[in-house]
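Biologist: Before we discuss this chain, could you put the sequence and the coordinates up, so that we can go through strands, rings and charges in turn?

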Amino acid sequence: MPTSTRDSVQAISVNAPAAVVFDLIADVDQLKRIFTPVIHTAYLERGESADRVERWSWERQLDAVRSWRARRELDREAGRIRFRHENPNPPMLEVAGEWSFTPSGDTTQIELRHEFTVDPAHPDAEQAAAMLDRGAGMQLGRLKHVAESLSSIAGLEVSYEVQLVIDEPIEDVYNYFYEADRWPERIPHCLSASRKEDVPLQQVVVMDVQVPSGAIHTTKQARVCFPNEKIMWRQLEGLPPLDDMLYGYMKFTQTPEGVLVRTGQTELLKPTGVAKRGWTMDEAKGHVAEVRGGRNLDALKSAADFLRRRRG
């Protein structure tokens with residue numbers, strides 16, 4: 001059965017300057033703030049007018065993490081970003097497209113165009129085409145929301161980091177956190193944990209944990225792991241009551257004193273949740289950083305104790 005190239009075109013009007021919206025897409029480090037399935041992004045190559053990027057996202061339909069790599073051409077003056085995927089996921093055979101940002105008075109007209117070829121013999125060919133079209137519309141909707149609310153979103157974000165040096169082999173420290181399905185044996189408040197990893201190093205982890213009040217809380221995370229270097233994660237379900245968004249990292253660095261482990265996260269707070277507790281936003285941010293940062297530090301200390309006992 002012959003293949004054919006198809007088009008998908010979606011457009012939206014955004015009440016924000018074209019330069020602002022262009023920058024949100026051009027800077028792949030911003031994508032976690034915009035698109036809720038995104039777990040991690042990286043520049044593989046980077047120049048002023050062209051780059052090569054990789055993005056890891058949670059695919060809801062598969063309940064799995066998938067990645068794609070793309071080469072991009074960035075033309076700021078023309079308000080255009082062209083892209084071509086290097087590794088389209090089946091049943092896609094080829095995927096390319098373009099973002100365009102056109103000023104129109106006080107607004108920006110955004111168009112997202114895809115050109116793609118689907119394997120016609122694949123049973124999910126039509127479903128994949130429909131998902132691409134639907135996903136493009138959802139991306140534009142999220143981009144509009146973020147671009148129009150950029151200053152207020154920045155005021156709701158809180159980021160914090162804690163760190164600890166663990167005097168154990170870096171492989172052991174990394175594996176302690178990588179082997180999430182073994183946490184019930186290692187972490188007292190973790191009652192159960194499952195790890196789905198149908199692509200190596202790309203995980204979906206579901207945990208039941210007992211919170212300080214005694215209640216049992218179920219969480220779901222998507223994680224991308226880089227052996228002995230870092231683990232990037234995003235919480236998909238079971239968000240804390242104060243949060244609209246939660247993502248973070250663990251990074252491992254060998255030092256003369258041992259392995260420096262840094263764990264940090266970013267939360268997008270709910271104004272209604274903050275107001276319900278009678279806090280100012282600054283008070284809420286301080287509470288989150290102190291309490292949850294403290295729990296993260298406790299987790300690092302627990303890892304150090306476990307590894308020391310196992311060695312001894």
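**Strands, rings and charges**

Modeller: In the hairpin of strand 10 and strand 11, which leaves 5 residues between the strands, glycine 214 takes a positive phi near 100°. Please keep in mind that this is a predicted model.

Biologist: How many bridges join strand 10 to strand 11?

Modeller: Strand 11 covers residues 216-226 and runs antiparallel to strand 10. Within this pairing, aspartate 208 stands opposite threonine 218 in strand 11. The number of bridges joining strand 10 to strand 11 is 9.

Biologist: On the hairpin of strand 9 and strand 10, which residue in the turn has a positive phi?

Modeller: Strand 9 (residues 190-199) pairs with strand 10 (residues 202-210) in the antiparallel sense over 7 bridges, and serine 194 has valine 206 of strand 10 as its bridge partner. The hairpin has 2 residues between its strands, and the residue in the turn with a positive phi, of about 75°, is leucine 201.

Biologist: Turning to strand 14, how many of its 12 residues are buried?

Modeller: Strand 14 (residues 258-269) pairs with strand 8 (residues 157-166) in the antiparallel sense over 10 bridges, and it is joined to strand 13 (residues 243-255), again antiparallel, by 12 bridges. Strand 14 is described as mostly covered, and the number of its residues that are buried is 11.

Biologist: Which residue of strand 14 is the bridge partner of tyrosine 160, and which stands opposite threonine 253?

Modeller: Strand 13 and strand 14 form a hairpin with 2 residues between them, and there threonine 253 stands opposite leucine 260. For tyrosine 160, the bridge partner in strand 14 is glutamine 265.

Biologist: Among the aromatic pairs, is the one between tryptophan 56 and phenylalanine 226 stacked or edge-to-face?

Modeller: The count of aromatic pairs comes to 8. In this one the ring centres of tryptophan 56 and phenylalanine 226 are 5.6 Å apart with the planes at 80°, and since planes over 60 degrees apart count as edge-to-face, the pair is edge-to-face.

Biologist: How are the rings of tryptophan 99 and phenylalanine 101 arranged, stacked or edge-to-face?

Modeller: Tryptophan 99 is buried, with a relative accessible area of 7%, and phenylalanine 101 is buried as well, at 3%. Their ring centres are 6.2 Å apart and their planes are at 0°, so the pair is stacked.

Biologist: Which ring has the charged end of lysine 251 over it?

Modeller: Arginine 46 lies over the face of tyrosine 43, at 3.9 Å from the ring centre. The charged end of lysine 251 sits 4.9 Å from the centre of its ring, which belongs to tyrosine 249.

Biologist: What is the N to O distance in the salt bridge between arginine 71 and glutamate 45?

Modeller: Arginine 71 counts as partly exposed at 42% relative accessibility, and glutamate 45 is partly exposed at 39%. Both belong to a network of salt bridges that also links Arg52, Glu54, Arg69 and Glu86. The N to O distance between arginine 71 and glutamate 45 is 3.4 Å.

Biologist: Finally, how far apart are the end C-alpha atoms of helix 8?

Modeller: Helix 8 covers residues 281-311 and includes arginine 308, whose side chain makes a polar contact of 2.4 Å with the side chain of aspartate 305. At 1.5 Å a residue, the 31 residues of helix 8 should span 45 Å, and this agrees with the distance between its end C-alpha atoms, 45 Å.

Definitions and conventions:
Residues are numbered from 1 along each chain as its sequence is written. This is a predicted model: local features need pLDDT of at least 70, side-chain atom pairs count only at pLDDT 80 or more; totals for chains, interfaces and linings use all residues. Side-chain values use heavy atoms; hydrogens and water are left out. Two strands pair if DSSP finds at least two bridges between them. Helices (H or I, at least four residues) and strands (E, at least two) are DSSP runs, numbered from the N terminus. A polar contact is a pair of N or O atoms within 3.5 Å; within protein, one must be able to donate a hydrogen and the other to accept it, and residues adjacent in sequence count only if both atoms are side-chain atoms. Buried means under 20% relative accessible area, exposed over 50%, partly exposed in between (1.4 Å probe, protein chains only). Rings of Phe, Tyr and Trp (its six-membered ring) pair if their centres lie within 6.5 Å; planes under 30 degrees apart count as stacked, over 60 as edge-to-face and the rest as tilted. A charge sits over a ring if NZ of Lys or CZ of Arg is within 6 Å of the ring centre and within 35 degrees of the ring normal. The expected span of a helix is 1.5 Å times one less than its number of residues. A salt bridge is a side-chain nitrogen of Lys or Arg within 4 Å of a carboxyl oxygen of Asp or Glu.
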